[in-house]
Amino acid sequence: MPSIDYGSAADVTERLEERLVESLIGEKSVSRRTVLGGLGVAGSAAVGLGSSRASADSSHEDEDEHGNFGAVGEYRDLDFDPHEFLTAFNTGESGQDNVPQQVYEEDGRTVREFEFTAVDTTITIAPGVEFQAWAFNGQVPGPTIRAVEGDLIRVKFTNLGRHAHTIHPHLKNLNPRMDGIPQNGPGVLDTDESFTYEWIAQPAGTHFYHCHSLPLKEHIHRGLYGTIIIDPDPERVRENPRDYVNYPGPITDDFRTQLVDEAKSRNHEYAENDAVNEMVMVMNSFDTNFDGGNEVYAANTRAFAYGVGDTDGNGNWTAGETKRPIQIDKNERQRVYLSNATEFDLINSFHTHSQFFDYYDHGTTLTPTRKTVDTIMQCQAQRGIIEIDYSDHKPGLYMFHAHQSEFAELGWMSFFEVV
């Protein structure tokens with residue numbers, strides 16, 4: 001049987017969310033302890049909504065009033081869709097409309113060029129609850145960049161925000177001028193200043209980028225972060241298989257072929273990749289009263305966005321639903337590019353119900369670093385690839401969430417719907 005039925009799941013989503021939002025509304029000084037107290041006996045039985053007016057803002061710099069959404073059960077701000085974000089890979093050839101991009105050859109190397117801006121904006125983190133963010137291209141998390149090992153990633157960055165910003169990549173960067181920190185290259189970019197970053201796409205794996213201006217914790221917490229995916233080059237794997245394994249034994253011809261096939265399944269330019277359902281999830285959190293402790297947690301910014309609403313139980317969701325589970329085909333291999341952008345908490349985690357998975361820390365190997373687990377932890381900026389298979393499971397809902405229980409109750413609770 002599925003881990004939970006539709007009616008129970010919808011009730012969980014509705015009650016938890018309602019208690020969370022009600023705890024935040026009109027209380028700019030509300031703390032995480034207060035929110036959890038408001039959740040009270042909800043425990044594992046809640047998630048939903050109901051709000052009149054809410055705005056999460058800072059008292060020290062952001063003076064404009066925001067909010068006034070009224071009582072809502074759905075997300076009314078449709079500028080950012082967590083479901084679309086899951087599969088929004090910007091490759092230079094294709095991607096999001098808010099990310100100007102192109103791909104071309106230069107000096108014998110593929111160049112993937114992107115235009116990024118940093119802006120001050122308001123984002124919705126729960127129905128009726130807004131947060132004053134600093135964001136790359138107006139969204140949190142920032143756009144996902146995808147390239148192939150050995151490509152040149154060129155990012156033309158303009159700071160349109162009120163504060164100085166940079167872009168720092170967690171890549172093997174050989175030029176300190178391109179490191180995106182205050183001490184190197186152009187340093188921090190003030191309002192209306194621009195700089196073009198260039199990074200070689202290496203190593204293969206899933207990686208992190210973020211603003212490195214000070215105070216660092218505020219620039220990350222406000223939303224200036226995102227994911228860079230570097231697809232392995234199958235021919236490089238064939239020539240140097242040892243670079244892609246955490247295995248000291250012999251590399252047989254069969255094992256080499258296995259590694260090359262795995263590399264093709266991770267490379268968006270190969271047909272083998274089409275057989276895999278790939279998703280990007282960024283675990284993040286929001287300190288709504290700026291007291292150094294988070295009140296809202298999520299996967300991809302919006303609390304309970306992958307929860308359960310109105311459905312006929314056969315995979316058909318009511319039109320206009322902004323909260324719904326991630327629907328997956330049981331016959332497809334599932335791959336999650338997971339990273340942790342949470343500020344103020346030492347770790348975050350990912351736990352699946354009724355299933356185990358293989359985990360590739362940082363995604364830099366083609367063999368798992370942990371096999372057959374159902375929970376992994378990540379510190380901030382840590383990332384990895386999760387490979388999960390539901391082919392032998394019955395259709396239905398399967399929960400996944402952070403296994404810090406308070407994180408789940410404060411928004412980081414989700415469902416896969418296996419069909």
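**Note on the predicted model: annotated site, strands and cysteines**

1. The UniProt annotation "binding site", from an unreviewed entry, covers His-165, His-170, His-210, Cys-211, His-219 and His-403. UniProt positions are given here in the numbering used for this structure, feature names are shortened, and annotations may be inferred rather than shown by experiment. The model is predicted: local features need pLDDT of at least 70, side-chain atom pairs count only at pLDDT 80 or more, and totals for chains, interfaces and linings use all residues. Residues are numbered from 1 along each chain as its sequence is written, and side-chain values use heavy atoms, with hydrogens and water left out.

2. His-165 is placed in the loop between β6 (152-159) and β7 (168-169); helices (H or I, at least four residues) and strands (E, at least two) are DSSP runs, numbered from the N terminus. His-165 is buried, at a relative accessible area of 1%, where buried means under 20%, exposed over 50% and partly exposed in between (1.4 Å probe, protein chains only). Leaving aside residues up to four places away in sequence, the residues touched by His-165 include Trp-134, Phe-157, Cys-211 and His-219; contact means heavy atoms within 4.5 Å. A polar atom of the His-165 side chain lies 3.4 Å from the backbone oxygen of His-163.

3. His-170 is found in the loop between β7 and β8 (194-200). With 22% relative accessibility, His-170 counts as partly exposed. Beyond residues up to four places away in sequence, His-170 touches His-207, Phe-208, His-210, Ala-381 and Arg-383.

4. Cys-211, which the UniProt annotation "binding site" covers, is buried with a relative accessible area of 0%. Cys-379, by contrast, is partly exposed at 36%. Zero disulfides are found in a search of the whole structure, a disulfide being a pair of cysteine sulfur atoms within 2.5 Å.

5. Strand β5 (residues 144-148) is largely enclosed by the rest of the structure, because five of its five residues are buried. Thr-144, Arg-146 and Val-148 point one way from β5, while Ile-145 and Ala-147 point the other way. Strand β1 (residues 89-90) pairs with β5 in the parallel sense over two bridges, and Phe-89 has Thr-144 as its bridge partner in β5; two strands pair if DSSP finds at least two bridges between them. Strand β10 (residues 225-231) runs parallel to β5 and is joined to it by four bridges, with Ile-228 in β10 as the bridge partner of Ile-145.

6. Five strands form an open sheet with mixed pairing, in the order β13-β21-β20-β15-β18. Its edge strands, each pairing on one side only, are β13 (326-328) and β18 (375-379). The twist averages 25° from one strand to the next. Strands β20 (residues 396-401) and β21 (residues 413-418) pair antiparallel over six bridges, and Met-399 stands opposite Phe-415 in β21. Helix α1 (residues 6-24) packs on the sheet, touching β20 and β21, and its direction makes about 155° with that of β21. Axes are lines fitted to C-alpha atoms, for helices over the stretch in contact, and angles run from 0 to 180 degrees between N-to-C directions.

7. Gln-334 lies in strand β14 (residues 333-340) and is buried, with a relative accessible area of 1%. Residues touched by Gln-334, not counting those up to four places away in sequence, include Met-279, Ile-328 and Glu-387. The side chains of Gln-334 and Asn-277 are joined by a polar contact of 2.6 Å. A polar contact is a pair of N or O atoms within 3.5 Å; within protein, one must be able to donate a hydrogen and the other to accept it, and residues adjacent in sequence count only if both atoms are side-chain atoms.
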